[in-house]
Amino acid sequence: MLKDVVVNNKKKGEVGFRDTSAKALAKAYRKFQKIKNFGTEYCKNAMRCGKYGIPLLDPYYGALPTSYVSISSPTCDDPAHACMTCFDYDYILERMWYEPDKYVDRLLRYQCFGTLDFSMKVDDPLGAQIGNKYRNHALSFYFQERGARHLPVIGWSSRPSFDFCFQGFSKGGAVMVSTLGVLRDERSQGYFKLGFCEMLKQLNPDVVVIYGDGSRERFSWMPQELEIVFVTPLRLERARTYGR
């Protein structure tokens with residue numbers, strides 16, 4: 001048996017080596033198609049919304065999960081009553097983007113998952129924000145078609161993003177909003193309040209799950225009649241325990 005695989009007369013690790021095995025070619029083709037089509041194959045059956053064609057996602061009705069775990073550390077004793085969230089670094093979400101079928105069975109074990117949350121940062125070009133908004137919906141729709149139930153995650157950046165960031169969601173039902181990394185300074189807090197109020201105006205949700213740091217006292221400007229569920233991530237609880 002040969003110890004080194006030789007392809008195109010080059011050994012693995014040498015300059016010019018190119019793996020043309022069937023497995024490598026199939027993987028490269030799948031990746032190429034996803035890059036080429038920008039995920040349109042994930043949502044080819046979706047209804048499109050607005051001038052940017054954002055895929056429409058189902059609303060969430062019914063009992064809310066009793067616990068929330070991260071996609072990067074899905075440790076849960078009772079996944080049937082838990083939500084798997086996607087509030088993580090973009091490079092982790094990229095793994096889902098390129099190989100979504102690896103995650104379908106995992107998502108199906110949970111009561112629901114939070115729709116994807118590729119970054120839409122205030123200082124990013126608007127085109128990049130629209131692209132990530134589209135990807136959030138395209139891949140979430142892909143999982144939806146395979147039977148995974150989701151809790152819509154609403155995100156925004158600054159006022160110009162209001163033109164597209166609330167598209168692709170149905171009115172009413174329960175939604176989830178993250179405060180992770182958006183309350184660090186006065187400007188960010190201002191954008192959060194501005195976007196939250198606009199979300200209520202455009203989507204009129206029945207319940208809002210706020211994932212991160214927050215309380216009624218801190219957000220006293222939120223309507224008192226609005227049902228809000230505050231969820232503190234495990235990592236924040238640990239940080240508070242150790243005084244960080």
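Here is a short tour of the structure, stop by stop.

**Before you click**

This is a predicted model, in which local features need pLDDT of at least 70, side-chain atom pairs count only at pLDDT 80 or more, and totals for chains, interfaces and linings use all residues. Numbering starts from 1 along each chain as its sequence is written, and side-chain values use heavy atoms, with hydrogens and water left out. Helices (H or I, at least four residues) and strands (E, at least two) are DSSP runs, numbered from the N terminus.

**Stop 1**

Two strands count as paired if DSSP finds at least two bridges between them.

Now show the neighbours of E6. Strand E5 (residues 67-70) runs parallel to E6 and is joined to it by 4 bridges; look for Ser67 opposite Ala82. Strand E7 (residues 112-114) pairs with E6 in the parallel sense over 2 bridges. Here Cys83 stands opposite Cys112, and Met84 has Phe113 as its bridge partner.

Which way do they point? Ala82 and Met84 go one way, Cys83 and Thr85 the other, and all are buried (buried means under 20% relative accessible area, exposed over 50%, partly exposed in between, with a 1.4 Å probe and protein chains only).

**Stop 2**

Select E9, which covers 174-178. It opens a sheet of 3 strands, also an open one, with the order E9-E10-E11 and parallel pairing. E9 and strand E11 (227-231) stand at the edges with a single partner strand each, so one side of each has no neighbour in the sheet. From one strand to the next, the twist averages 25° (axes are lines fitted to C-alpha atoms, for helices over the stretch in contact, and angles run from 0 to 180 degrees between N-to-C directions).

Zoom in on E9 and E10 (residues 207-211): 5 bridges join these parallel strands. Met176 has Val209 in E10 as its bridge partner.

Step back to the loop between H5 and E10 and pick Asn204. Its phi is near 45°, a positive value in a residue other than glycine. Most residues other than glycine have a negative phi. Asn204 is exposed, with a relative accessible area of 51%.

**Stop 1**

**Stop 1: the largest pocket**

Pick Ser119, Lys121, Leu180, Gly181 and Val182, which are the closest to the centre of the largest pocket among its 27 lining residues. The volume is about 940 Å³. On a 1 Å grid over the protein atoms alone, a pocket is an open set of points with protein on both sides within 12 Å along at least five of seven lines, a cavity is a set where a 1.4 Å probe fits but cannot get out, and lining residues have an atom within 4 Å of a point. Grid points are joined across faces, edges and corners, and a volume is the space filled by probe spheres set on the points.

Which element gives the most to this lining? That is H5, with 4 residues. By class, the lining has 13 nonpolar, 6 polar and 8 charged residues (Ala, Val, Leu, Ile, Met, Phe, Trp, Tyr, Cys and Pro count as nonpolar, Asp, Glu, Lys and Arg as charged, and the others, Gly among them, as polar).

**Stop 2: the cavities**

The structure holds 2 cavities of 30 Å³ or more. The largest has about 70 Å³ of space; Leu116, Asn136, His137, Val153 and Phe169 lie nearest its centre, out of 14 lining residues.
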